[in-house]
Amino acid sequence: MESRHRRALAAGAATVASALALTVQAAASPPQPAPSGKGPLPAGAHTHGSGSAHNRRSNGAECPPGLACDVAPAAYAQNSADPGDYGNYDLANRPADGLGIRFVVVHDTEEGYDPTIAEFQDPLAYVSAHYVVRSSDGAVTQMVPTADVAWQAGNWWINTHSVGIENEGYALNGSQWFTNRLYHSLARLTRYQAERFGIPLDREHIIGHDQVPGPTTPYQAGMHWDPGPYFDWAHFMALVGAPITPRGGDPTGRIVTIDPNFATNDQLVTGCDAGLCAPSGPQPSNFVYLHTAPSADSPLVADPLLAAAGTEPDGTGTTLAWDWGDKAVTGQTFAVADRRGDWVAVWYGGQEAWLYDPQGSGSSTIPGNGTLVTPRPGLASIPVYGRAYPSSVSTDTLGYTIPAGQEYVAKDLVGADYYSASTFNAPSTYSVQRSAEQFYEISFNHRIAFVRASDVAVVQ
């Protein structure tokens with residue numbers, strides 16, 4: 001069912017090698033502002049619907065008042081005689097067509113601001129995002145109407161339910177690209193989308209590209225890991241107006257939210273050549289490492305799909321920047337499996353994973369909240385999904401299982417749907433296919449995932 005979107009999936013599920021190739025292009029420091037293109041919204045852009053008509057600028061931009069916002073239309077063009085060969089996004093009428101917008105996906109570009117805009121204007125790129133934010137001054141360019149589906153996340157279900165925002169920067173070039181001006185513009189733009197579409201202001205709905213699951217098993221290991229370890233999620237969420245705090249947390253201690261102090265959370269990240277990454281050695285980071293036992297000397301946890309793909313060749317986690325299988329990121333919320341001294345274990349990706357969490361100023365977690373779900377009685381394990389599709393469309397899983405007795409935090413209950421739009425500029429043929437099935441979105445490992453509501457019980 002996904003053959004039509006093979007190029008978009010490939011663009012969102014880059015291999016480690018391609019990610020490194022992009023990183024090699026990193027400049028030493030952010031550039032000075034350069035003029036961005038202006039123009040009308042692309043042909044086929046929708047101006048109707050509760051979301052897309054909200055505060056539209058005279059130049060067509062969908063941006064909050066006072067934010068510098070231009071328009072440079074992404075390509076929407078057929079590339080060959082094949083009506084399914086086109087770029088760089090899909091026409092839709094969100095949310096009026098029933099495709100609710102549930103997520104904001106935060107990316108980094110791995111190239112400059114202007115080259116990013118140029119790439120999205122090339123229909124042979126087969127990739128786009130709704131917005132691009134400039135590092136130096138926080139200027140914004142809208143490239144795809146929010147009513148339409150940008151090819152940005154590498155997961156068709158997430159694409160159909162999200163707004164994608166690219167931020168000029170490089171994941172391994174330290175935090176220098178993520179300037180205060182960029183954070184402020186991104187936060188205003190994110191808050192604006194949340195208010196328009198009713199997106200919850202939490203880290204299960206305001207997510208990084210690194211939290212997007214693969215649609216199915218073959219894609220999971222190669223999914224992108226931007227905006228990387230040096231994006232300050234705590235600072236950004238505070239600017240959004242939803243600071244990561246223990247307020248409303250679970251008083252039983254069964255749920256924790258990852259919340260290290262970015263400024264003092266110095267973590268070692270390895271894997272790229274000198275001069276192409278941030279300065280060597282530990283530095284402020286947005287994640288904590290996860291171990292197989294409550295000891296810093298114990299191995300880092302491994303992800304079975306990453307191990308099979310060769311990212312974790314020894315079957316253990318690594319400090320490589322793109323090894324997302326052993327890193328829990330600020331704002332993620334997990335169920336507590338055990339506690340021993342200064343260590344806490346959480347259920348993570350189908351296994352027990354330990355993180356260092358001393359009490360006081362050096363703590364890595366705060367009390368979290370949410371609904372705990374576990375495999376329903378009688379089931380030895382349940383499958384995990386990368387998308388919430390009707391079973392008439394696909395029953396392919398993500399390749400993981402959750403054994404009986406493990407618990408995960410569910411933040412949303414969603415209906416199963418699939419947007420069928422496989423022909424260039426033929427809206428009359430598009431449809432949203434639905435079923436009565438429901439899925440819980442869970443914080444599963446480094447990425448979100450989905451479990452069938454019929455497979456789980458709510459923990460009281």
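Which residues have the most contacts inside the largest nonpolar core? The views below start there. This is a predicted model, where local features need pLDDT of at least 70, side-chain atom pairs count only at pLDDT 80 or more, and totals for chains, interfaces and linings use all residues. Residues are numbered from 1 along each chain as its sequence is written, and side-chain values use heavy atoms, with hydrogens and water left out.

**View 1. The largest nonpolar core, 45 residues.** Trp-157, Ile-158, Tyr-419 and Phe-450 have the most contacts inside this core. A core here is a set of buried Ala, Val, Leu, Ile, Met, Phe, Trp, Tyr and Cys residues joined through side-chain atoms within 4.5 Å; buried means under 20% relative accessible area with a 1.4 Å probe, protein chains only. Elements giving two or more residues include α4 (156-160) and β25 (448-452), but β23 gives the most, with four. Helices (H or I, at least four residues) and strands (E, at least two) are DSSP runs, numbered from the N terminus.

**View 2. Around Phe-450.** Skip the neighbours within four places in sequence, and Phe-450 still touches Trp-157, Ile-158, Val-384 and Phe-439, among others (contact: heavy atoms within 4.5 Å).

**View 3. The disulfide between Cys-63 and Cys-69.** The S to S distance is 1.8 Å, and both cysteines are buried. A search of the whole structure turns up one disulfide (cysteine sulfur atoms within 2.5 Å).

**View 4. The β17 and β18 hairpin.** These strands pair in the antiparallel sense over six bridges (pairing takes at least two DSSP bridges). Val-346 has Ala-353 as its bridge partner. Two residues sit between the strands, and Gly-349 in the turn has a positive phi of about 60 degrees.

Key:
Buried means under 20% relative accessible area, exposed over 50%, partly exposed in between (1.4 Å probe, protein chains only).
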